[in-house]
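Visitor: I am new to this structure and would like to ask about a few of its residues. Please show it to me.

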Amino acid sequence: NECRDTFHLEEAIHVVASQLSIPNVFSPNGDGQNDTLKFKHQSLKSCKLTIVDRTGKVVYKMETDDIYSWEGWDGNIRNSNRPAPEGQYYFIVEALGYDGE
């Protein structure tokens with residue numbers, strides 16, 4: 001009535017260090033180059049992103065537990081079809097890697 005199962009790994013599981021690289025410029029002008037703001041990342045478990053304009057108004061917000069499925073920000077205000085005006089924007093990123101960092 002008692003079943004026991006064991007599993008043994010010959011080598012330890014190695015968690016790759018988390019990394020996040022965010023471009024500081026993107027140009028959503030439809031020319032096919034840099035049209036979407038997207039992170040280069042490695043070993044991220046979750047991510048939150050908030051983008052605000054110069055007055056502090058939120059123009060985009062994202063939270064995901066699957067960063068690999070996120071398609072990036074296309075430059076439209078709050079996921080609408082209205083493009084954000086050309087200018088400077090600020091972002092806040094909170095990310096957690098599988099390494100706990």
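The questions below go through a few residues and ring pairs in turn.

Visitor: Is Ser-43 buried or exposed?
Guide: This is a predicted model. Ser-43 sits in the loop between β2 (40–42) and β3. Its relative accessible area is 12%. Buried means under 20%, so Ser-43 is buried.

Visitor: Which residue has its backbone oxygen 3.0 Å from a polar atom of the side chain of Ser-43?
Guide: Not counting residues up to four places away in sequence, Ser-43 touches several residues, among them Val-15, Ala-17, Tyr-68 and Tyr-98. Val-16 is also one of the residues that Ser-43 touches. The backbone oxygen lying 3.0 Å from the side-chain polar atom of Ser-43 is that of Val-16.

Visitor: Where is Asp-53 found, and how far away is the nearest side chain of opposite charge?
Guide: Asp-53 is in the loop between β3 (44–52) and β4 (58–64). Asp-53 is buried yet has no salt bridge. A salt bridge needs the charged atoms within 4 Å. The nearest side chain of opposite charge belongs to Lys-57, at 5.7 Å.

Visitor: Which backbone atom lies 2.9 Å from a polar atom of the side chain of Asp-53?
Guide: Leaving aside neighbours within four places in sequence, Asp-53 is in contact with Val-59, Gln-88, Tyr-89 and Tyr-90. The atom asked about belongs to Lys-57. It is the backbone nitrogen of Lys-57.

Visitor: Why does the pair of Phe-39 and Trp-70 count as tilted?
Guide: The structure holds four aromatic pairs. In the pair of Phe-39 and Trp-70, the ring centres are 4.9 Å apart. Planes under 30 degrees apart count as stacked and over 60 as edge-to-face, the rest being tilted. The pair is tilted because its planes stand at 50°.

Visitor: How many residues apart in sequence are the parts that this pair ties together?
Guide: Phe-39 lies in the loop between β1 (19–21) and β2, and Trp-70 in the loop between β4 and β5 (90–97). Phe-39 counts as buried at 5% relative accessibility, and Trp-70 counts as buried at 9%. The pair ties together parts whose separation in sequence is 31 residues.

Visitor: Is Lys-40 buried or exposed?
Guide: Lys-40 is placed in strand β2. Its relative accessibility is 64%. The cut-off for exposed is over 50%, so Lys-40 counts as exposed.

Visitor: How far apart in space are Lys-40 and Leu-20, C-alpha to C-alpha?
Guide: Leaving aside neighbours within four places in sequence, Lys-40 is in contact with Gln-19, Leu-20 and Ser-21. Lys-40 and Leu-20 are 20 residues apart in sequence. Their C-alpha to C-alpha distance is 5.9 Å.

Key
Residues are numbered from 1 along each chain as its sequence is written. This is a predicted model: local features need pLDDT of at least 70, side-chain atom pairs count only at pLDDT 80 or more; totals for chains, interfaces and linings use all residues. Side-chain values use heavy atoms; hydrogens and water are left out. Helices (H or I, at least four residues) and strands (E, at least two) are DSSP runs, numbered from the N terminus. Buried means under 20% relative accessible area, exposed over 50%, partly exposed in between (1.4 Å probe, protein chains only). Lys and Arg count as positive and Asp and Glu as negative; His and the chain ends are not counted. A polar contact is a pair of N or O atoms within 3.5 Å; within protein, one must be able to donate a hydrogen and the other to accept it, and residues adjacent in sequence count only if both atoms are side-chain atoms. Contact means heavy atoms within 4.5 Å. Rings of Phe, Tyr and Trp (its six-membered ring) pair if their centres lie within 6.5 Å; planes under 30 degrees apart count as stacked, over 60 as edge-to-face and the rest as tilted.
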